[in-house]
Amino acid sequence: MVSTLWLGIAGFVLYWMLVWAAKKENLLPSYVSTQGPILLVHTKRGRKFLNWLAGPKRFWRAWANVGLGIALVVMFGAFLFLLQGAILTIQNPPAPSAVNQPRNVLVIPGVNDFLPPRATPGILFGLLVGLVVHEGGHGLLCRVEDIDIESMGIGLLAILPVAAFVEPDEEDRRKANRGAQSRMFAAGVTNNFAITVVAFALLFGPVAGSIGVASGALVGGALPGSAAADAGIDGGDRITAVDGTAVENNSHFQEIVDEQNASQLTVTVNEDRQVTLNRSVLVTGALEDGPADLEAGDTITAVNGTPVSTAAEFEDAIRVSSGETTVTTEDGEERRFVAGAYLRPIEGEPLAEAGAPAGENVVVTRFGDTRVISYSDIGDAIDARAPGDTVEVVLYDGEERSVHEVTLGTQDDGSSFLGVAPLAQGTSGVTVDDVGLEYYPAEAYLAILGGGDQSMLNSFAQSFVGKVLFVLVLPIAAVMPGGDFPYNFAGFIGEISNFFVATGPLEFLGAGVLFAVANALFWTGWINVQLGAFNCIPAFPLDGGHLLRTSTEAVLSRLPFEVTRRRVSAVTTTIGVTMFLSFVVLVVGPQFLAG
């Protein structure tokens, strides 16, 4: 099957050939020119409006001076970021991943892995706004600084707006002083950053504040082979009731399921259909080299000959065993292992001092009179004891069983400790689930966007700057470390729109309109901050390249030698080439340098 990327490349080549043929045959109107595959639509309209808008020149010069300072800081930061990133990539190449695939540099939905086609309207709106305010800023400052404008317009790739432009009169521009030129070049990124602030202020305020999380268990996905998958439950579904009991949220659903230890559950999905969950003990995780010879995806039907269909039954059956356990899988195979808490005694601490093998991976099956089957059991049992208590600990080193009399140590806070390091969750590194749902944390995403319960965020995430930084990575949230945001967020689109409802002061708009406004603000802020930052890169033909030239001239003019075009070009070319090579290393380096 042909990939979306290759279809996109083929379409792009075909389009470029058509543009080239139309230009060659003089079929393009006089107000349309080309630059490569881009159609540039020129117009002289709007100049009177810019002349009127440029009236308060002192205000606009002050505005542009503030933006110039911000642009210079971002420009210097962009240089350091790209250069340091390239050096780190060469020294320690990261493994190729979706994040550093070259196609994901392109902000093209469907080609970029993180930008789904459904996000196209919001992305196009944000891009169009960004291009208009950027080039409008250049045009406005041209008139403020008495630089005439030849024409203005927009660049189209087929029907997609991919650029906007203002053509200043080059003779007027050259006559303008260095400060005027710098303000004119910085005006575009100034406006982009200003639009970012406005868009995110609206999103984080009244818009997100009018969005709530829908009731029910929010299904991000169902594990293959699980009870949920077999019942036809999938990502985007909401489980709204269990055996007639209304479900409030994800944790409430889990509480109901745990309380009802039945092999079958009747659940209501999306408030309009009922399905039966035939629960089974599915292995969701197992250490490759752990004590248990099990793999993720195995289904356990019995423990020591006792049939089990729920996670609670699985744990109960293990707790009545002495340690050595036999589980039967769905295919009839039996797997024997020692079931307990998988951990490692730390050298010089209580358990190791009592004779346990320090630094070795062991399975603890008993702590005093308590049968333990996981590290959390160990923690609970230790908390119930006082420092200095002597406890009998039973453990297995491979198949060798040993018993140790351990005197618990005292931590700095006065609590007791055993002196072990956990190696895995679950029983001997095995985790199980009897329903098989992956939950969508809608509350966390909504909180980041300024709605819902803000107390679940730390103080930095509650701040405006913190929210902006989090929003910038939400489209690639699933690959970020930490696991708090297991799904990429590209707006209130597609199946996840089922997880949210309209509420609050803008409820009257309805969910459809409110979500569209939120998506437009999300992508407008997201794209404009990146347009601004990208244009601050000190390389031609970006605004940062022009600012680099004027800045270089300003610095060299203060040195005891003549400022020549050759000397300025030497500095700007060196920095520009360095930036280009750094960018190339960041984009394609992981593909060639790793491993």
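What we have is a predicted model, in which local features need pLDDT of at least 70 and side-chain atom pairs count only at pLDDT 80 or more, while totals for chains, interfaces and linings use all residues. Residues are numbered from 1 along each chain as its sequence is written, and side-chain values use heavy atoms, with hydrogens and water left out.

Let me begin with helix H3 (residues 57-91) and helix H6 (residues 178-207), whose axes come within 7 Å and cross at roughly 80°. Helices here are DSSP runs of H or I with at least four residues, and strands are runs of E with at least two, numbered from the N terminus; axes are lines fitted to C-alpha atoms, for helices over the stretch in contact, with angles running from 0 to 180 degrees between N-to-C directions. H3 and H6 are therefore roughly perpendicular to each other, a label that covers 65 to 115 degrees.

Where the two helices meet, with contact meaning heavy atoms within 4.5 Å, the H3 side includes Arg61, Trp63 and Leu68, and the H6 side includes Arg183, Val189 and Phe193. The residues of this H3 contact with H6 divide into ten nonpolar, five polar and two charged, where Asp, Glu, Lys and Arg count as charged, Ala, Val, Leu, Ile, Met, Phe, Trp, Tyr, Cys and Pro as nonpolar, and the others, Gly among them, as polar.

Arg183 also forms a salt bridge (a side-chain nitrogen of Lys or Arg within 4 Å of a carboxyl oxygen of Asp or Glu) with Glu145, the closest N and O atoms being 2.9 Å apart. Since Arg183 lies in H6 and Glu145 in the loop between helix H4 (120-144) and strand S3 (149-157), the pair ties together parts that are 38 residues apart in sequence.

That H4-S3 loop also holds Asp146, whose phi is positive, near 60°. Asn270, in the loop between strand S9 (264-269) and strand S10 (273-278), likewise has a positive phi, near 55°.

How values were computed. Parallel < 35°, antiparallel > 145°, perpendicular 65-115°, else oblique.
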